[in-house]
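Hi there,

Here is the structure I promised to pass on.

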Amino acid sequence: MNSEFDDKTIERVEEKQYTTLNLGPTHPATHGIFQNILTMDGEIIVDAEQTLGYIHRAFEKIAEHRAYYQITPLTDRLNYCSAPINNMGWHMTVEKLIGVEIPKRAQYMRVIIMELARIADHLVCNSVIGVDCGALTGFTYMFQWREKIYDIYEHICGARLTSNIGRIGGLERDFSNEVYKKIKEFLVEFPKIFNEFIALLERNRIFYDRTVDTGAISAERALQYGFTGPNLRAAGVDYDVRVMNPYSSYEDFEFDIPIGVKGDTYDRFMVRQNEIWQSLRIIQQALDNMPQGKWYADVPDFYLPPKEDVYTKMEAMISHFKVIYGETNIPKGELYNAVEGGNGELGFYVISDGGRAPFRLHFRRPCFIYYQAYTEMIKGGMLSDAIVTLSSLNVIAGELDA
Amino acid sequence: MTKEINNTYILEKLHTQFGNEIISSEEPYGMLTITVKPNAAYTILSWFKNDKEIQATFLTDVCGAHFPDLPGQEFCVIYHIHSLVNNIRIRVKAFLSGNSPSIPSITNLFPAANWQERETYDFYGILFEGHPNLTRIMNVDEMDYFPLRKEYPLEDGTRTDKEDKYFGR
């Protein structure tokens, strides 16, 4: 940019040849199986093309052959960083389809689980942004706390990563005292460590330099590209499914929607950071106002009878087998139901022809839709910024490829 | 806002504009669902997007479906659009005939449709006219069939290790 450049330099630029660089599919810096075929000019990205489908498992085809409750494990494997949200979203879709009202207590319990999952999702994403900028410390701290969230899942349903949590019609059992103890402990202890994480990154000069103004997208472009979730909010649009179309009693809770201004990597990071605080707020409110009552609705066609009855009573055993076989027909209809997933609006579009399995099930996977904008976001930037941008978008391979 | 924008109002307004292009309309689970002629889908979606009152500027989802039992309407493309201003979701459906299903692409209206149309093509073989890069997205390029069509069973019928006799059936 100074006297070093003469006319000859410009001529040389014109006849320049670009390098093609394969970033991925199994590159340690891309967290998941993503392939980007980059056209590089030195370290500047000129163009990028994404290859998808490395872990495509044809979930939509499989779902057409499965009873409704057997689709829950498939949803686990979409966004596996916040599997409980997917499970709950699917349960709520089926409940809406069969027209069941869920008791308040179950709804509050679901809210607690979903917000814990959101915290876990955002912790992974944000700490990985740190890792990609060279700050490994925060990551080790935060993963320890994701572990604690998984311990809570384990106490609720027995599983950790692919949780398969809850059932159509409610939850499998009431929260035990141990669960309440662990959640309360989490609410007290986590903010202390989280504040240390904040101190490490939020006002860190190096982190600032790496993230501010990189991978930016305007609100207009973000909407055109179908952005949802924290990525859209970072661009300044306060669209949140929990507020726009409240489900599972979200209208009872008071929380803010954090938004960003520029839609760059730093804004996306900060939106997630602030959402973690909001999630903690929601969990606290749900715990304080937990209604009394049952944790399941009266849907014997879908909700398993208590195990001790199955072993001692004939009717309960018959009912148990009927549920497990999944031979109950679902009313005809078509339904689109959306929940606010960890990285955006997760939608379930079901066409039911009145059978035991959906005639057609389509997952609206948020990151499949917004990953299209990746080329535009990294064009003209450095390779190392592209890596940080990718992790700040929170693209999850399982959800991308379904 | 002077007038309440609801499903009935949108439908009335749409009927005055595109009376001939609309085949049917319903409201399953409260979502306005309009079935339109395939050639009019682009125009109607662009009208929804540009209408000053409705402002359905956000494309939520595009997907396909296969109905082998509906002669002449074997394939369906389903668009979900969302008016963020009025918080109304609208579903637009277009049925296509079986032999060479094709419909105009809406990529230049909504850039978000790009990969979703590619996915629909990959799964069902529905051609989107005017799409910038209509290639397979999830499956390998060499694949010579469209796997989500109903005639393809979930598992390979030639497999011998899953015969019923091995399971005592």
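**What I found**

Chain B has an accessible surface of about 8,200 Å², and 47% of that belongs to carbon and sulfur atoms (areas come from the Shrake-Rupley method with a 1.4 Å probe; for residues, only the protein chains shown count as cover). Before you read on: this is a predicted model, where local features need pLDDT of at least 70 and side-chain atom pairs count only at pLDDT 80 or more, while totals for chains, interfaces and linings use all residues. Residues are numbered from 1 along each chain as its sequence is written, chains are lettered from A and ligands numbered from 1 in the order in which they are written, and side-chain values use heavy atoms, with hydrogens and water left out.

Chain B contains 3 helices and 7 strands (DSSP runs numbered from the N terminus: helices are H or I with at least four residues, strands E with at least two). Starting at the N terminus, their order is α-β-β-α-β-β-β-β-α-β. Of its 169 residues, 54% count as buried (buried is under 20% relative accessible area, exposed over 50%, partly exposed in between, with a 1.4 Å probe and protein chains only).

Now to where the chains meet. In all, 43 residues of chain B are in contact with 41 residues of chain A (contact means heavy atoms within 4.5 Å). Together the two chains bury about 3,600 Å², 61% of it on carbon and sulfur atoms (this is the accessible area, 1.4 Å probe, that two parts lose on being put together, summed over both). The rule finds 5 salt bridges across this interface (a side-chain nitrogen of Lys or Arg within 4 Å of a carboxyl oxygen of Asp or Glu). On chain B's side, the elements that give two or more residues are β3 (58-66), β4 (75-83), β5 (88-96) and α3 (113-124). Of these, β3(B) gives the most, with 9 residues. A salt bridge also joins the side chains of A:Glu64 and B:Lys150, at 3.0 Å from N to O.

Two backbone spots may interest you. Most residues other than glycine have a negative phi. A:Ala58, though not a glycine, has a positive phi of about 55°, and it sits in the loop between β3 (44-51) and α2 (59-63) of chain A. B:Asn87 has a positive phi near 55° and lies in the loop between β4 and β5 of chain B. Because its relative accessibility is 25%, B:Asn87 counts as partly exposed.

Best wishes
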